[in-house]
Amino acid sequence: VMGTRHMVVAGHYLAAEAGFAILEAGGNAVDAGVAAGIALCVLQSDLVNFAGVAPIILYLADRQEVLTISGLGTWPEKATVELFEREHGGHIPVGLLRTVVPAAPDAWIQALKKFGTMTFGEVAEAAIRFASDGFPMHPLMADLIAGNEEAYRRWPANAEIYLPNGKPPQVGEKFIQSDLAS
């Protein structure tokens with residue numbers, strides 16, 4: 001792939017398009033990166049989660065400096081090793097106790113405040129549109145959902161999202177995530 005002005009690469013072509021649109025609108029690389037990251041939380045929500053993590057590495061060419069924004073969640077204070085040993089035989093059980101405090105939104109907001117030129121709302125616009133209007137289900141996501149159908153059925157809220165009409169979505173079907181858009 002070659003370009004003459006700018007380029008964005010992401011794990012899904014629509015996420016790359018979201019970042020590219022930000023650059024075309026006058027945003028900078030941080031704005032575009034955040035837009036692409038948020039879009040991936042919609043377009044690959046089976047792998048990337050808005051309530052998850054988003055470690056960020058930035059190279060500031062004018063200062064020749066590499067900076068990082070952790071973007072990694074922490075365990076809740078009461079989720080101690082002793083708790084898992086005492087109540088779960090040393091294992092981390094399926095469900096809420098498996099999750100960390102979400103860090104991605106904080107990392108994106110920090111990056112935008114310190115190095116961006118656009119607002120969170122501006123860079124989230126494409127992701128919100130992908131969630132509310134839907135996008136064509138792609139093969140990777142369709143395969144992962146079908147392969148984990150039983151796990152999605154375990155939680156009614158997940159089944160409602162990932163098993164529309166009670167079954168895994170097929171490649172090419174429009175996939176809508178209305179609650180995420182809200």
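**Notes on a predicted helix-and-strand model**

1. Let's start with a pair of helices. The axes of H2 and H5 come within 8 Å and cross at roughly 25°. That angle is under 35 degrees, so H2 and H5 count as roughly parallel to each other. As for handedness, H2 passes H5 in a right-handed crossing. On the H2 side, the contact is made by Asp31, Val34, Ala35, Ile38, Ala39, Val42 and Leu43. Facing them on H5 are Phe120, Val123, Ala124, Ala127, Phe130 and Ala131. Keep in mind throughout that this is a predicted model.

2. Now step back for the overall picture. The protein has 9 helices and 4 strands, and along the sequence they follow the pattern α-α-β-β-α-α-α-β-α-α-α-β-α. Its C-alpha atoms fill a box of roughly 55 × 40 × 30 Å along the principal axes. Of the 182 residues, 37% are buried. If you take the contacts with a separation of 6 or more, 60% of them are between residues 24 or more positions apart.

3. What sits in the largest nonpolar core? This core has 45 residues, and Val34, Trp108, Val123 and Phe130 have the most contacts inside it. Two or more residues come from each of helix H1 (13-24), helix H2 (29-43), strand S1 (56-60), helix H4 (104-115), helix H5 (120-133), helix H6 (139-147) and helix H8 (156-162). H2 gives the largest share, 11 residues.

4. Leaving out residues up to four places away in sequence, Trp108 touches Val34, Gly37, Ile38, Cys41, Phe50, Ala54, Ile56 and Phe120.

5. Next, the aromatic rings. There are 4 aromatic pairs. One of them, Phe135 with Phe175, is edge-to-face, at 5.9 Å centre to centre and 70° between the planes. Phe135 lies in strand S3 (residues 135-136) and Phe175 in strand S4 (residues 174-175), so this pair ties together parts that are 40 residues apart in sequence.

6. Down at the end of the chain, find Ser178. It lies in helix H9 (residues 178-181).

7. Most residues other than glycine have a negative phi. Gln64 is not a glycine, yet its phi is positive, at about 50°. Gln64 is found in the loop between S1 and strand S2 (65-69), and at 66% relative accessibility it counts as exposed. Asn165 is not a glycine either, and has a positive phi of about 60°. Asn165 lies in the loop between H8 and S4 and, at 78% relative accessibility, counts as exposed.

Definitions and conventions:
Residues are numbered from 1 along each chain as its sequence is written. This is a predicted model: local features need pLDDT of at least 70, side-chain atom pairs count only at pLDDT 80 or more; totals for chains, interfaces and linings use all residues. Side-chain values use heavy atoms; hydrogens and water are left out. A nonpolar core is a set of buried Ala, Val, Leu, Ile, Met, Phe, Trp, Tyr and Cys residues joined through side-chain atoms within 4.5 Å. Buried means under 20% relative accessible area, exposed over 50%, partly exposed in between (1.4 Å probe, protein chains only). Contact means heavy atoms within 4.5 Å. Rings of Phe, Tyr and Trp (its six-membered ring) pair if their centres lie within 6.5 Å; planes under 30 degrees apart count as stacked, over 60 as edge-to-face and the rest as tilted. Axes are lines fitted to C-alpha atoms, for helices over the stretch in contact, and angles run from 0 to 180 degrees between N-to-C directions. Angles under 35 degrees count as roughly parallel, over 145 as roughly antiparallel, 65 to 115 as roughly perpendicular and the rest as oblique. A crossing is left-handed if the near helix is turned anticlockwise from the far one by less than a right angle, and right-handed if clockwise.
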